[in-house]
Number of protein chains: 2
Amino acid sequence: MVAKQLEGKFLSASIMQQVKKDISCFPSPPRLVSLLIGSDSGALSYAKIQESACKAVGILFELVKFPASTSQEEAIDYIVKLNNDPNVTGIMVFVPVPDHIDKNSLIASISHLKDVEGISPTNMGKLFYDNSSIVPCTPKAVMLLIKSIDYDLAGKEVVVISRSPIIGQPLLLMLLESTNKSPTPTCCHIATQNLALHTKRADVVIVAAGKANLIHGEMLKEGAVVIDVGINLVEKEQNGKKSRLIVGDVHYDSAMNVASWLTPVPGGVGLVTTAVLLQNVSLLAKQHFARLES
Amino acid sequence: MVAKQLEGKFLSASIMQQVKKDISCFPSPPRLVSLLIGSDSGALSYAKIQESACKAVGILFELVKFPASTSQEEAIDYIVKLNNDPNVTGIMVFVPVPDHIDKNSLIASISHLKDVEGISPTNMGKLFYDNSSIVPCTPKAVMLLIKSIDYDLAGKEVVVISRSPIIGQPLLLMLLESTNKSPTPTCCHIATQNLALHTKRADVVIVAAGKANLIHGEMLKEGAVVIDVGINLVEKEQNGKKSRLIVGDVHYDSAMNVASWLTPVPGGVGLVTTAVLLQNVSLLAKQHFARLES
């Protein structure tokens, strides 16, 4: 079997098109403020991607840079100001933050009404009860990608490799959303004793471990759907020349020979995640303008 | 192997003793208001258990009964009144509620500051980030029971049979709390294709399916720890006489021959769940009195 590529570009484009259309009906453009504390290069590249995506759909994007020496109190004070600013419709904080700052405290200080990443405790708590509108972007992107190929998850064995509170854990809850049509999810992570035993029996493997080549073809069941959330920067040497490239957590070539579908990295989950973020920005802005009017 | 009984009475008594001690230092006793809409017999028996447990530790317990014809709006209005009443420190709603009422809307209307069951979206959302103090009672009771036998969950295979938003789903998150010492949890439910395949490979089986005798000894791995959350009322005929008795989801006799530990029903998880509820009442009352003082 040679897997089909489950690309993110079509899904991402269709989400962005809808977001652009919705935004064109708003009284004014949404305004997203993204905080970057320190100067992490990964965060900076992501900020650039975000800026251009925002521009494409009509969202005002503002990157506010704080020096790495910023205290947690200063950062939270600034977030509280943004919470109360009627001209700001969305807020997010880039990770990583410097070691002396507790990331979770920053997240908890963002009003759930402006939490475009869908990761504030109040928005996350809604995941237990219904298909809340503002949900974490990456797991939502994974669910949309699976839906985009009309894959029926009912009763399937799904192995999620991530216990992250913003990827693996909310993904488990999203997978369990339906009363009768849920798959049986297993959550693997660094302490899992025999990872291959789990991936080998899985109809769907979703991996977000941040470890290049963690999943090889021989660890997969024939025909599995494989969703690669990993983004890893690796060095490659070819003809004596060194170069850096981005790869996922899945060993692409070997997995392509076993899986039925495989998301590429880059060009898979990441693209859809950005589109879902814009969707959240738009939804929160819509609610924001409705509150201002009422 | 003959399993040891993992009884709830010792753990429950020790929690209640601590709660009683804590409450004795409060400026006044906590006051828990429990709403019962309709006249479900199960809820009524549970209310009686709760009343006597509250009395034992010094909590004022008030059962407010509404007729089954109560509208959702009336119920929510009443909850909002309780939210604003400085003399009320805790609120809960008995289930089931009549069909015309959306249970989740009632739960969402309870202030997270008085949510003694730990099931409001805001309290549930904290489960993603840390060991929040106010958590759903049944999964917390399960975790405490496992801890009480010094069982090391790190890397173990845990099968949870429940996708309920107040049992199975929060339990998954609690199991995944630790960075390096989490087990590998799988969530089985009604749509799971081969339940026995999962229970047979599990080091720990936690079942809350509400189905008597769902789990038999031959479905278990030798030496498994088995936590039975089910409470089922069944009819039994002995010597021509019919009687009703309470059983769990596990076929007790056959499981006792295979498991290493097994919680009895009644006398297992249920007892500890009630104690955890009192613990939540006490914690929220403590915070309530602190707010009044400040």
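What follows is a short chat about aromatic rings in this predicted model.

Visitor: What should I know before I start reading?

Guide: The model is predicted, so local features need pLDDT of at least 70 and side-chain atom pairs count only at pLDDT 80 or more, while totals for chains, interfaces and linings use all residues. Residues are numbered from 1 along each chain as its sequence is written, chains are lettered from A and ligands numbered from 1 in the order written, and side-chain values use heavy atoms, leaving out hydrogens and water.

Visitor: How many aromatic pairs are there over all chains?

Guide: Rings of Phe, Tyr and Trp (its six-membered ring) pair if their centres lie within 6.5 Å; planes under 30 degrees apart are stacked, over 60 edge-to-face, the rest tilted. That rule gives seven aromatic pairs over all chains. One of them is B:Tyr46 with B:Phe94, edge-to-face at 5.9 Å centre to centre and 90° between the planes.

Visitor: Where do B:Tyr46 and B:Phe94 sit in the chain?

Guide: Helices (H or I, at least four residues) and strands (E, at least two) are DSSP runs, numbered from the N terminus. B:Tyr46 is in helix H2 (residues 41-57) of chain B, and B:Phe94 is in the loop between strand E4 (90-93) and helix H4 (103-109), 48 residues apart.

Visitor: Is B:Phe94 buried or exposed?

Guide: Buried means under 20% relative accessible area, exposed over 50%, partly exposed in between (1.4 Å probe, protein chains only). B:Phe94 is buried at 2%, whereas B:Tyr46 is partly exposed at 26%.
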